[in-house]
Amino acid sequence: MLKEQLNQLYEEYGYRKFRMSKFEDYDLYAQNKDFLKKGHIITFTDGDGSLKALKPDITLSIMKNNSGDSEKVYYNENVYRETGGTFREILQVGVESVGQIDPYAEAEVIVLAAKSLRTISEDYVLDLSDVSFVGGLLDCMGLTGIRRERVLALLAQKNVPGIQAMAGQGELQRRDADDLVQLMEIYAPLKEGIAQAGALARNNASWEALRQLSVTASILESFGLNGQVRLDFSLVNSMDYYNGVIFQGFLPKIPFPVLSGGRYDNLPRKMGKEVGAIGFALYMGRLEQFFGQERQYDADVLLTYGPDADLVKLAAFAERLRQEGRSVRCERETGQPCPVRCRKKVRYTDGIGPEEVLA
Amino acid sequence: MINVALPKGRLGETAYETLAAAGYDCPAILEKNRKLTFENLEKGVRYFWVKPSDVSIYVERGAADVGIAGRDILLEYRPDVYELLDLKLGRCRMCVAGPEDFYDDPNKTLRVATKFPHIAGEYYESRSRDIDIIKLNGSIELAPILGLSDVIVDIVETGKTLLENHLAPLETIVDISARFICNKVSYKFKHQEVLRMRDALEKNL
């Protein structure tokens, strides 16, 4: 049901459904390894001897099929990924917008992300960052190689003591450390956050990133999105995949991001296509907890019967109960306890009336 | 309500005292009984004691919003959490230790016994030293004495235990102290509460 609601939302914005087969040529993943999350791929040899893979990702297939035109698609597909040493099938719902990505196109995808989360819970949070702003700042600090990676890891942890320790050991200038600490402290509604980040911008790249971001923020406002989109520079994951705005969605009680996405122009560029791209994926598997209305019973009624019961009448009686909206499991008495758990247990005898069970 | 995971033991007790002094007291915690969680509704805080190495797991998975964890645990298990504050408690060092006159023969694979295979592995990898990690769960000092390993990687507080066993700290890998950590999603949904607790703690250090 949730899936249908989401599909409808995307279609309202004119997004087309993207369907693909389970299998994709392995070459696609071998050539674009950098764009895949780490982990193995399930491969097999097809009937004609070519090497195929169970798709670990949808975005690559969408980009592969893009002919350099503008395209707005959504999908619900299973992907196969390794997590914790075993492969899992994960249902992913996602949106990709490909073409000349201007602030409008960017804002539209962010709005779809926010509205997807709102479909699940009014009480959602969408955090946004801009990797080109963070990248520009680190460039100005002259951070490269291992030191840059360490600073990024510390940013992701909002690790103030870690930054201060680096400054203490002379690996960071005092002023740079202070700016990084301020950067980590920013956690505010988008426009407010942009104003705070303005104090930290040092070069043109950073200014330009902020200017773009504030245009996007204004468009988001006219889409009716306020407050629940926040600026948080601790989202720095996959800095080589994404090149601009990135975002993650959170829902209460789920301790992981349930949605993640961003601007990824590097992938089409690598494939030789003159387009930009932005998109997100929603991890449906992580929502289970949220819809955690666990079933307490296998069936409403457990109807047991002895060897001498009239089976014709029993069938009619059980059907009658089902018409009343009860789920009924019929079980012949064996002397063993029944392995199912039911709300009510009733022994069928001739002449029993439905009222006795329905009461 | 903020859920706080405290590590069992002296560090946890000191950390609780700091939290209590910062306005998050919960008198029930001092009673001797078998209860597992302790609440002070008025202060909006619930405490529970867990094994020190489990604190980061409780916090990462959101069963606790915040927790107190030693940096050794954070470096070893790499939980995906925010590390908001250095509490400057439980200070010690992660060290390589071995016999006082230990000579590291570069022709041999170094055998390292430790409770912290991740930290030890990374340290030696950064120095391109080929090692054989022996994961132990306690009494690490025994390993070089019995010839199970050449050196150990372990926490050194005063160095007394080492000295008694005729071992000495050879190299310091990293300084350790207790950290105030926070679940990433709790940081978003309980932002004000978490920051209030962090700032109160910071003032009371």
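Student: How many residues of chain A are in contact with residues of chain B?
Tutor: In this predicted model, local features need pLDDT of at least 70 and side-chain atom pairs count only at pLDDT 80 or more, while totals for chains, interfaces and linings use all residues. Residues are numbered from 1 along each chain as its sequence is written, and chains are lettered from A and ligands numbered from 1 in the order in which they are written. Two residues are in contact if their C-beta atoms, placed from the backbone, lie within 7 Å. Chain B contributes 13 residues, and the number from chain A is 13.

Student: Which element gives the most to the side of chain A that touches chain B?
Tutor: Helices (H or I, at least four residues) and strands (E, at least two) are DSSP runs, numbered from the N terminus. At least two residues each come from β7 (125-130) and α7 (160-168) of chain A. With 3 residues, the element that gives the most is α7(A).

Student: Why is chain A described as more spread out than a compact globule?
Tutor: The globule rule is 2.2 Å times the number of residues to the power 0.38, and the radius of gyration is taken over C-alpha atoms. For 359 residues the rule gives 21 Å, so chain A is more spread out than a compact globule, its radius of gyration being well over that value, at 27 Å.

Student: Which residue of β9(B) is the bridge partner of B:Cys95?
Tutor: Strands pair if DSSP finds at least two bridges between them. β6(B) and strand β9 (residues 151-156) of chain B pair in the antiparallel sense over 5 bridges. In β9(B), the partner of B:Cys95 is B:Asp154.
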